[in-house]
Amino acid sequence: MRRFEGTQMILRLAGDAPIVSNLGPGSDDLWHAGHRDRNFYTYGNMGLCSSLALGMAMATDEQVISLDGDGSLLMNLGTIASIGREQPKNLTVVVWDNEKWGQTGGQTSHTGMGTDLEQVARSCGIARTKTVSDLEDLEAAVSEALATDGPNFIVAKIDEGEYLPVAPVEPEFTLYRFRNTFVEQRQPGH
Amino acid sequence: MNWAEMIVKALKDWDTSLIAYVPDISIHRVTSLIEADPYFRLVAATREEEAIGIAVGSYAAGRNAAVFMQSSGFGNSVNALASLCIPSRTPIPMFVNLRGGPGEFNIAQVAMGQAVRPIMDQLGLVHFTLDDDRNMEKLLDGAMKLCHANRQPLAVCMTQLLHGGKLA
């Protein structure tokens with residue numbers, strides 16, 4: 001399974017649900033799959049994709065989807081514990097797991113050496129977990145996750161594909177375009 | 001009002017109801033009030049950069065958020081501030097227990113504590129330091145206003161002279 005085709009499928013299932021994507025190719029794939037105001041692309045904030053999604057899930061009753069990566073989540077495993085502690089019903093984490101640090105030369109990550117992120121999630125008290133490796137199973141898992149109370153945690157094993165062109169997005173525009181779908185923006189200085 | 005109650009009031013006055021934090025014995029005076037108050041949602045993070053991520057996520061989805069941490073943990077949050085809050089212009093008020101100053105007993109707190117404000121200066125972040133509670137209510141209100149007007153993180157550093165600190 002390729003991350004881009006998985007991203008396209010999740011975008012179709014998501015409706016208007018806010019989606020946060022991991023930095024680099026994860027965010028580029030989301031933009032190419034379908035740019036929308038409810039996409040929160042991340043940039044340099046290593047490891048914080050699912051922490052952002054947790055904060056969003058605590059600010060809105062809407063379903064929130066995190067499209068994280070194995071390297072990113074390994075940098076911030078504590079946030080899995082925080083998700084397990086807070087038990088947000090409206091949060092689904094999908095981890096694109098290529099078992100490597102794709103952008104830095106393809107070095108084998110810890111998930112390629114035995115670390116099982118699904119088991120980490122379960123041990124942190126997240127009951128609804130799955131590991132999938134093809135598109136059909138991912139579609140079933142995400143559909144079920146969006147229809148039932150979470151938190152949900154899905155590890156999607158992927159093969160690394162060609163990188164798509166870098167998405168033409170910018171952090172400040174991303175944040176306020178996203179936020180304005182939830183609130184009318186305060187006008188500073190007025 | 002004591003200093004802890006003034007912080008709670010400022011948060012409420014600025015509609016800031018999600019508080020992400022890493023526990024600290026001195027700011028426990030404030031976070032225990034927050035935890036007991038149904039207005040707030042207090043979220044414990046495992047690490048300060050995670051707290052920043054949670055707070056930015058909350059703000060992005062329409063709920064104003066603040067972060068509480070100790071100065072040692074500020075060191076853990078620097079890249080989250082520099083690569084997330086600053087480029088996306090996110091107003092996150094940070095309340096930092098500033099260790100490493102007069103009265104400090106722990107050598108391991110000094111270097112980081114002394115480096116907090118120079119690092120904030122290098123990042124271009126506005127910060128205020130409170131050694132006592134004179135004018136504190138006004139300062140907190142003004143700090144929250146400035147944080148939102150500037151749409152950048154802002155730090156209120158609280159020293160042992162204000163809160164009494166951790167005793168050896």
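Me: At what angle do helix α3 (residues 48-60) of chain B and helix α4 (residues 71-88) of chain B pack?

Reply: This is a predicted model, where local features need pLDDT of at least 70, side-chain atom pairs count only at pLDDT 80 or more, and totals for chains, interfaces and linings use all residues. Residues are numbered from 1 along each chain as its sequence is written, while chains are lettered from A and ligands numbered from 1 in the order in which they are written. Helices (H or I, at least four residues) and strands (E, at least two) are DSSP runs, numbered from the N terminus, and axes are lines fitted to C-alpha atoms, for helices over the stretch in contact, with angles from 0 to 180 degrees between N-to-C directions. The axes of α3 and α4 of chain B sit 7 Å apart, and the packing angle is about 40 degrees.

Me: How many residues of each class are in the contact of α3(B) with α4(B)?

Reply: Contact here has C-beta atoms, placed from the backbone, within 7 Å. B:I52 and B:V56 are among the α3(B) residues making it, and B:F74 and B:L84 among those of α4(B). Ala, Val, Leu, Ile, Met, Phe, Trp, Tyr, Cys and Pro count as nonpolar, Asp, Glu, Lys and Arg as charged, and the others, Gly among them, as polar. That makes seven nonpolar, five polar and two charged.

Me: Which strands does α4(B) touch on the sheet?

Reply: For comparison, α3(B) lies across β1 (16-21), β2 and β3 (64-70) of chain B, running at about 170 degrees to β3(B). The direction of α4(B) makes about 125 degrees with that of β3(B), and the strands touched are β3 and β4 of chain B.

Me: Which strands stand at the edges of the chain B sheet?

Reply: Strands pair if DSSP finds at least two bridges between them. The open sheet of chain B has six strands with parallel pairing, in the order β2-β1-β3-β4-β6-β5. Each edge strand has a single partner, so one side of it is left without a neighbour in the sheet; the two are β2 (41-44) and β5 (126-130) of chain B.

Me: And what is the average twist in the chain A sheet?

Reply: Chain A also has an open, parallel sheet of six strands, ordered β2-β1-β3-β4-β8-β7. From one strand to the next, the twist averages 15 degrees.

Me: How many residues does chain B bring to the contact with chain A?

Reply: Chain A brings 34 residues, with α3 (49-57), α5 (78-86) and α8 (171-179) each supplying at least two. The chain A side divides into 18 nonpolar, 11 polar and five charged. Chain B's share is 31 residues.

Conventions: Two residues are in contact if their C-beta atoms, placed from the backbone, lie within 7 Å.
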